[in-house]
Amino acid sequence: MRYLIKGGRVVDPVSKIDDTSDILIDGNRIAKVAKDLNEKCDTEINAKGKIVIPGLVDMHSHLREPGREDEETIATGTRAALRGGFTTIACMPNTEPPIDSPEMVRKLSGIIKRDAACHVAMVGAITLKRTGRKVAAFSGMKKEGVVAVSDDGSSVEKASIMLQALRAARKSGLLVIDHCEDPKMSAGGVMNKGFISTKMGLRGIPAEAESTFVKRDIELAKKARAKIHIAHVSCAKSIELIRKAKKARLPVTAETAPHYFSLTEDCCVSYDTNTKMNPPLRTKADVEFIKEALADGTIDVIATDHAPHTDAEKDVEFDFAPFGIIGFETALSLCVMELLDKGVLSWPDLVMKLSTNPAKILGCCGGSLKKGSPADITVIDPEKEYVYTKELVESKSKNSPFIGWRLKGKAIDVFVGGVLAMKDEEIMV
Amino acid sequence: MSNKFIWTKKDLLGLEYLSAEEINHILYTAASFKEVTTRQIKKVPVLRGKTVVNLFYEPSTRTRTSFELAAKRLSADVINIAVESSSVRKGETLIDTGRNIEALKIDIIVVRHSASGAPNILARSVRSSVVNAGDGWHEHPTQALLDIFTLKEKLGRIEGLKVSIIGDIAHSRVARSNIWGFIKLGAKVTVCAPEKLIPVGIEQTGVHVTNDINEALEDADAINVLRMQFERDSKLAFPSALEYFKQYGITSDRIKKCKKNIVVMHPGPINRGVEMSSEVADGANSVILEQVTNGIAVRMAVLYLVALAKKPTSSLPAKVENM
């Protein structure tokens with residue numbers, strides 16, 4: 001099929017374009033990017049007033065399959081991702097059982113081939129059963145297709161095991177995506193430790209539970225000469241460490257999630273369990289630090305940490321509810337409202353954080369609109385306003401603190417590998 | 001002033017969520033109910049035909065009994081439901097339990113729970129009134145109300161009084177409710193505990209913080225001494241009860257150095273020889289048993305007010321929204 005996307009504002013930091021332009025898609029590739037194209041095509045997409053960017057890449061999500069298909073599946077999760085404008089998502093290995101062996105990777109890869117509506121990059125576990133005891137078979141998992149390893153959901157508690165894992169990852173050419181949390185410091189905690197947790201009578205998780213492991217793992221990565229990517233950075237203390245590491249030219253990258261620049265711990269006072277996530281929502285000062293770190297490049301990537309949980313799991317006492325919220329469908333709007341409209345980032349900056357950088361860090365396709373690139377393209381209406389209701393949620397789980405919010409900026413059309421997977425907000429696959 | 005006040009809250013979840021005016025109105029209402037409890041026939045028909053359910057997820061004798069008596073003296077019907085704390089996480093959810101109880105056409109749920117915020121979650125899920133009888137480390141509003149009521153009765157006012165709360169502040173719902181209540185009514189509040197039992201940020205409520213017992217006692221018009229639970233959380237700071245008693249225990253020697261008429265309160269049950277000596281507990285400055293008596297009047301006031309709230313409004317902090 002040949003598609004012509006006409007008249008949109010094309011933003012691609014890789015080819016340094018930010019201008020009104022047309023894009024011709026031929027088969028699964030981008031054939032041409034130029035002004036006023038009049039090529040023959042099967043379907044023309046009118047992108048006037050829209051922003052046309054490389055498809056969004058989410059390097060941190062939980063799709064729950066296999067094992068927790070009541071929360072999400074590859075089929076439902078990838079459709080929710082499409083709705084949010086994502087063309088590639090990386091799924092974390094904390095399924096039941098975890099993705100910790102070549103056999104499990106092969107099984108997951110089979111489900112993805114059968115059910116996925118967008119590209120899915122697989123992440124394998126760092127340790128067997130994610131228990132932090134024995135490093136998994138990285139090279140075998142890589143042969144089956146994983147692009148990175150992570151014990152996300154838990155940290156690797158023992159420094160000796162982490163060092164061993166970082167060395168093995170370097171040898172196999174795999175990225176380590178690092179969930180930084182000192183489990184001894186966070187034990188029993190359910191929200192940020194501070195005055196709000198004190199007045200609510202809840203156990204707190206101090207910022208140091210994150211930052212002490214960021215510090216440790218940057219040192220270990222340096223020793224192992226391995227690449228490390230710090231997941232879901234939530235606090236100022238971690239940012240300072242990452243900034244320092246980058247100045248020292250260490251191969252460290254980092255991501256944050258939209259909720260860490262849109263919400264603060266103050267939101268927890270309702271005891272709404274959709275404000276419970278790990279790491280927890282932090283202070284206003286942390287939010288400002290995160291925005292600054294996005295602007296100055298300390299944080300490379302915005303990832304959703306999409307973590308579906310059923311109503312039955314979440315509709316309980318704050319202490320008993322699982323951590324995490326869904327994020328695919330709100331990420332773009334929150335970026336538009338909190339970062340673009342508030343002058344933190346420009347569109348090219350945002351495309352870097354949501355597409356180019358994560359694609360590059362994962363070493364997967366996408367992230368650019370260069371001629372010859374895979375036709376992973378998202379067309380966005382930056383002005384579209386809507387109220388995010390439970391009925392609108394595409395994901396199987398509805399655990400979002402943003403339900404009821406008035407949001408702005410929405411993905412309208414999405415091409416995945418040249419296939420028009422979402423057209424006028426309707427999912428076609 | 002108080003008698004013209006119109007009460008609008010359907011729930012009592014914590015003193016943090018009440019205004020000084022609302023707290024004063026509860027105290028004012030409690031005073032008139034206290035008169036009832038001294039009569040030969042200790043019953044008024046104001047809640048006749050209403051049903052109160054005591055839903056207790058934690059064992060409690062005194063608070064439950066106090067609520068039960070309060071409800072009965074208002075002529076309400078009372079049902080007690082005790083949920084084994086061990087079955088909280090596997091059995092029916094709190095919200096389902098609340099909705100099932102509500103389907104029995106009851107009017108007020110009095111809930112005690114080990115998880116902070118459980119009454120808030122329940123209040124959001126049912127139309128009935130919810131009264132917090134103690135949740136985790138969060139709040140125990142009726143306890144603080146009866147403490148305030150008792151002190152006001154003794155000293156005639158709250159505003160300007162120096163009140164010290166002594167003990168495990170970090171793990172105490174009584175401490176939090178006392179802090180909100182006393183601060184809102186204009187008292188000067190000091191909290192005193194070993195450093196590890198002072199929760200982070202507590203000074204943001206407006207209290208003065210000290211680790212020095214002598215500082216907390218000096219100039220105090222009243223002290224509220226918390227129960228120390230060495231079998232649970234308090235052992236963090238002090239490995240032994242005896243050591244705690246030496247450093248922080250309220251003894252007659254320490255009381256002798258205080259203001260002559262210092263009022264000594266304790267929410268009970270007392271650990272004699274741990275946070276307080278027997279001489280002090282049973283001495284002239286102690287109002288501990290009066291607190292127990294006043295607890296009934298205060299709870300009568302609370303049940304009465306929430307059950308008959310005019311144009312009931314939610315007492316909950318709103319869910320986060322950007323509209």
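Trainee: Which residue stands opposite I5(A) in β4(A)?
Mentor: That is I45(A). Before we go on, keep in mind that this is a predicted model.

Trainee: Okay! How do β1(A) and β4(A) run, and how many bridges join them?
Mentor: They run parallel, and four bridges join them. In chain A, β4 covers residues 43–46, while β1 covers residues 2–12.

Trainee: What other strands does β1(A) pair with?
Mentor: One is β2(A), residues 17–26, which runs antiparallel to β1(A) and is joined to it by nine bridges. Another is β5(A), residues 51–54, which is parallel to β1(A) with two bridges.

Trainee: Is β1(A) mostly covered or mostly exposed?
Mentor: Mostly covered: eight of the eleven residues of β1(A) are buried.

Trainee: Let's zoom out. Which domains is chain A divided into?
Mentor: Domain 1 takes residues 2–52 + 374–427, and domain 2 takes 56–362. Their C-alpha centres lie 25 Å apart. The contact between these domains takes 31 residues from domain 1 of chain A and 41 from domain 2 of chain A.

Trainee: Which elements give two or more residues to the domain 1 side of that contact?
Mentor: In chain A, they are β1, β16 (377–387), β17 (406–416) and β18 (419–423).

Trainee: Which of them gives the largest share?
Mentor: β17(A) does, with seven residues. That domain 1 side as a whole divides into 17 nonpolar, six polar and eight charged residues.

Trainee: New topic: what are the domains of chain B?
Mentor: The assignment gives domain 1 as 2–139 + 294–307 and domain 2 as 141–291. The contact takes 23 residues from domain 1 of chain B and 21 from domain 2 of chain B. On the domain 1 side, α1 (20–37), β4 (129–135) and α11 (288–307) of chain B each supply at least two residues.

Trainee: And where the two chains meet, how many residues does each give?
Mentor: Chain B gives 29 and chain A gives 26. On the chain B side, α3 (94–102), α4 (118–125) and α6 (173–184) each supply at least two residues. The one that gives the most is α4(B), with three.

Trainee: What kinds of residues make up the chain B side?
Mentor: That side has 14 nonpolar, nine polar and six charged residues.

Trainee: Tell me about α6(B). Why is it described as largely enclosed?
Mentor: Because eleven of its twelve residues are buried, α6(B) is largely enclosed by the rest of the structure. Among the buried ones are R173(B), W180(B), F182(B) and K184(B).

Trainee: How far does α6(B) reach?
Mentor: From its first C-alpha to its last, α6(B) reaches 17 Å, close to the 16 Å expected at 1.5 Å a residue.

Trainee: And what follows α6(B)?
Mentor: Look for G186(B) after the helix; its phi is positive, near 90°.

Terms used
Residues numbered from 1 in each chain as written. Chains lettered and ligands numbered in written order. Predicted model: local features only at pLDDT ≥ 70, side-chain atom pairs only at ≥ 80, totals over all residues. Domains from an automatic or database assignment. Contact = placed C-beta atoms within 7 Å. Buried ≥ 20, exposed ≤ 12 C-beta atoms within 10 Å, placed from the backbone. Pairing = 2+ DSSP bridges. Nonpolar A, V, L, I, M, F, W, Y, C, P; charged D, E, K, R; others polar. Expected span 1.5 Å × (residues − 1).
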